[in-house]
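Q: I would like to learn how to read the features of a structure like this one. Can we go through them one at a time?

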Number of protein chains: 2
Amino acid sequence: VAVVGASDDPSKLGFHVIKSLTFWPYKGRIHPVNPKRASVMGIPAHKDLREVESQIDLAIIVVPNKAVEGVIAACLERHVRSIVLITAGFKESEGKEGALLQERLKGLVADRIPVVGPNTFGMVSYHQRLNASFTPEFSLASPGGAAIISQSGGISHLMGFLAMEQDIGLSYVVGLGNRLTVDFQHMLYHLAADEFTKVAGLYVEGIEEPKMLLKAIKDVSSKIPVVVMKAGKGELADKASLSHTGSLAGNQQNYRFGVLQSGGLVVDDVHSFLDLLKAYETLTPPKGNRVAILSGQAGPGIVALDSCVELGLHVKPFGWKTLSEIEEILPPMAIRSNPVDLGPLWYDEFALLKVVKKVLKDPEIDAVLFLMMFASANLNSIPVLLEGLLDERPQKPIFTCIMAPGQIWKKEIREGEEKGIFCNFPTPERAAKACAGMLLLERRRHRQTKNGRTSWT
Amino acid sequence: VAVVGASDDPSKLGFHVIKSLTFWPYKGRIHPVNPKRASVMGIPAHKDLREVESQIDLAIIVVPNKAVEGVIAACLERHVRSIVLITAGFKESEGKEGALLQERLKGLVADRIPVVGPNTFGMVSYHQRLNASFTPEFSLASPGGAAIISQSGGISHLMGFLAMEQDIGLSYVVGLGNRLTVDFQHMLYHLAADEFTKVAGLYVEGIEEPKMLLKAIKDVSSKIPVVVMKAGKGELADKASLSHTGSLAGNQQNYRFGVLQSGGLVVDDVHSFLDLLKAYETLTPPKGNRVAILSGQAGPGIVALDSCVELGLHVKPFGWKTLSEIEEILPPMAIRSNPVDLGPLWYDEFALLKVVKKVLKDPEIDAVLFLMMFASANLNSIPVLLEGLLDERPQKPIFTCIMAPGQIWKKEIREGEEKGIFCNFPTPERAAKACAGMLLLERRRHRQTKNGRTSWT
């Protein structure tokens, strides 16, 4: 990896790029390029890209916008395999100069080298442990199966940090910026072929050729689910987006419809976007929309029920077999017919586990919402539940809202998610919404690929 | 405080109640009552409540449901001042027995002692440092101005733990349970007179006399804002709620309308509820709906703009004065007319601060949405911003989405919130929604009390 514009000065992005590259112990060689320095941050530097003798797989460019053309020419000369062009001041800036500069670059590069950017924070490839961005802290997130491809660096950062907080494993975070050559569709084809990526999330503001994106979604949706957040909904947003990424935001309804038709799903906010990525990263989607609500306390069960009803999920009383099995375990104090109030079983974790297992075996249930708020007396409930479910390896997805203060249950939640037993959300509403989102998207994907049938089609 | 049913056995709630009472160094005396033990958890115990010689301010009752009548009789005899009745197995349970038992209790107590419960986790009074519940971990939240009054223990726990995560200062968390004598309206009058409570949040499932609640909201809304989350929206929910708290959930639309008419606001989900409590706990409400969006990166600004437009907040281009001031500070690369893209000012924190101050001074702006994602190079932006605003003490509310990984900026965010400079939310959408929620609720309160005029009426 060559860094053109590498710097020892913390007020330059070139400094932060070197910090990012060295945050993980990068296996390849790093070649800082800086005409004025013999070394940058202790790494021997080159005066010019042409001086680098070995094959350059990736050039990260952070020089001022007017110097970019020269660097790109050198990249072409040296047959650099790929470029991350962080520099801003192109199509997104006021006046015509930036746009002209970008046009010239485009002519120069044509399809000879894939270029991410310009006007991007960079990109992170978690399984390669390559942080080619100006933010070293992206390396703090865990490697996993969710890819975030974004037209905004700010949103990439927001989502990356929220992913850390919510333990969402990432495969890629890529800032496309002004998309000189690499656009959403190119990334989608790449992700569909990637062995680690289980779900692709796109943050879209405005694109010139929506048809290319829609075709790509259609092409890849049988392989990976595609979640789209489309920002820029009004006239004001169009103006802001033009200044941001050099393209109009476009009509929201057209996007929504087009993405749906292509087998993807448009979500409305950052939480819904990340929650759906997390669900796909962790769970196998439900095969139908018949949901059982099992709640350690009645209130959260009622809140989850409200959400399910609103979202079109079916919460029906259990059939006689499951009901009679539950009635054998649960005392007559609680609601037992779905939602189930597990409250009376706080002191008998094994009975609680038994209820969950019985419900998971019910052929008329496709997914389980499990809610449990810590309350001191129920401390053992989650460890026992986890162990029991690890033995059983349930084939149905369990969406949970397991909530406790500080570090309590954190280990169990993480283990349950890592092993794909359940997927945890901070509120009952978000757990229900993730379940409904998966169902909606699966329906779209199945219609698109005409694969199989599910009970709700 | 007397604890009737105190226990050394962790499988009994009486054990957890003593743990809760002693979690904070409680200043008063604790009297465990247990006929079989000379001491409980090292505290000398009494065989009977009647043996306690000093005046009992509060009796916490955790004996089995059939023993409650006898204990209440003893409380009446000893002129106990208040009761928290944790025991379940009353109106919420299947069969008529529990309901009859509750009726008999009601006759016995009449209006002689206020009783919280039965069928409750208890209550926590943060400024008295009294944790009268079965969950010691409630004491981990910070004392502050938000009161949560809930018909569900599970929801109280969920909200209490989320409040800890999101640094929301609490005055009370009270589980009303079956509301033998203390109901929502009684708590509202109490909170309106409480010197610490700035905002009341009610989680309501179903109540017998909604008119009493609506009257109370009307009576107190000039003193404190009232936020209501109404759960239990369908027929299924009615059934679940009946088994939960012994009352029907009732018609959602009627509640919504009634609460609005009375000067309160109904919100739809746990995040909106807590975010609005946090906003009132931290900020003075905006005087009108003219919002400026200042964003460290363009993308989050566009997402915030989308939310504002959807929520009916006005994001209009600045007038010539503010615009020309900003244009003097900001280079021509960025959007400067609202939203403002502060990106180019990452390396000049003082210029960034200057832009924020100029906008706060604009008489045509009522509130500011400030968004900043950490990106290594902008590490100093938030410390400088905080210091500058602490000097200035702006009179307008600033809703922020300041996001960074790990501990970065956490100290500054906490300080800014504690001093009422800004209020932070995890996404731009939630920051915008909290602002809009405050405006809606203020409009209702002003209409109710006919106090003053605001620019949006």
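Q: Which residue forms a salt bridge with Glu325(B), and how far apart are the closest N and O atoms?
A: This is a predicted model. To read a salt bridge, look for a side-chain nitrogen of Lys or Arg within 4 Å of a carboxyl oxygen of Asp or Glu. Here the partner of Glu325(B) is Lys321(B), with the closest N and O atoms 3.4 Å apart.

Q: Where do Glu325(B) and Lys321(B) lie?
A: Helix α11 (residues 320-329) of chain B holds both of them. They are 4 residues apart, about one turn of the helix.

Q: Which parts does the salt bridge between Glu417(A) and Lys278(A) tie together?
A: Start with the pair: its closest N and O atoms are 2.9 Å apart. Glu417(A) belongs to helix α14 (residues 410-418) of chain A and Lys278(A) to helix α9 of chain A, so the bridge ties together parts that are 139 residues apart in sequence.

Q: Are these two residues, Glu417(A) and Lys278(A), buried or exposed?
A: Buried means under 20% relative accessible area. Glu417(A) has 8% relative accessibility, so Glu417(A) counts as buried. Lys278(A) is buried too, with a relative accessible area of 5%.

Q: Where do Arg37(B) and Asp8(B) lie?
A: Their side chains meet in a salt bridge of 2.8 Å, N to O. Arg37(B) is in the loop between β2 and β3 of chain B, and Asp8(B) is in the loop between β1 and α1 of chain B, so the pair ties together parts that are 29 residues apart in sequence. Arg37(B) counts as partly exposed at 37% relative accessibility, and Asp8(B) counts as partly exposed at 28%.

Q: Which residues of helix α1 of chain B are buried?
A: In this helix, residues 13-23, the buried ones are Gly14(B), Phe15(B), His16(B), Val17(B), Ile18(B), Ser20(B) and Leu21(B). The next step is to see what they pack against: the strands include β1 (2-4), β2 (31-33) and β9 (130-133) of chain B.

Q: What is the area buried between chain A and chain B?
A: The size of an interface is often given as the accessible area lost when the parts come together. Between chain A and chain B this area is about 5300 Å², and carbon and sulfur atoms give 69% of it. On the side of chain A that touches chain B, the elements giving two or more residues include α1 (13-21), α4 (153-165) and α15 (428-449) of chain A. The residues of that side divide into 41 nonpolar, 20 polar and 17 charged.

Q: How many residues are in contact, and how many residue pairs are in polar contact?
A: In contact are 78 residues of chain A with 78 residues of chain B. The count of residue pairs in polar contact between the chains is 8, while the count of salt bridges between them is 0.

Conventions:
Residues numbered from 1 in each chain as written. Chains lettered and ligands numbered in written order. Predicted model: local features only at pLDDT ≥ 70, side-chain atom pairs only at ≥ 80, totals over all residues. Heavy atoms only, no water. Contact = heavy atoms within 4.5 Å. Buried area = accessible area lost by both parts, 1.4 Å probe. Polar contact = N/O pair within 3.5 Å; in protein donor to acceptor, adjacent residues only side chain to side chain. Nonpolar A, V, L, I, M, F, W, Y, C, P; charged D, E, K, R; others polar. Buried < 20%, exposed > 50% of the residue type's maximum accessible area, 1.4 Å probe, protein only.
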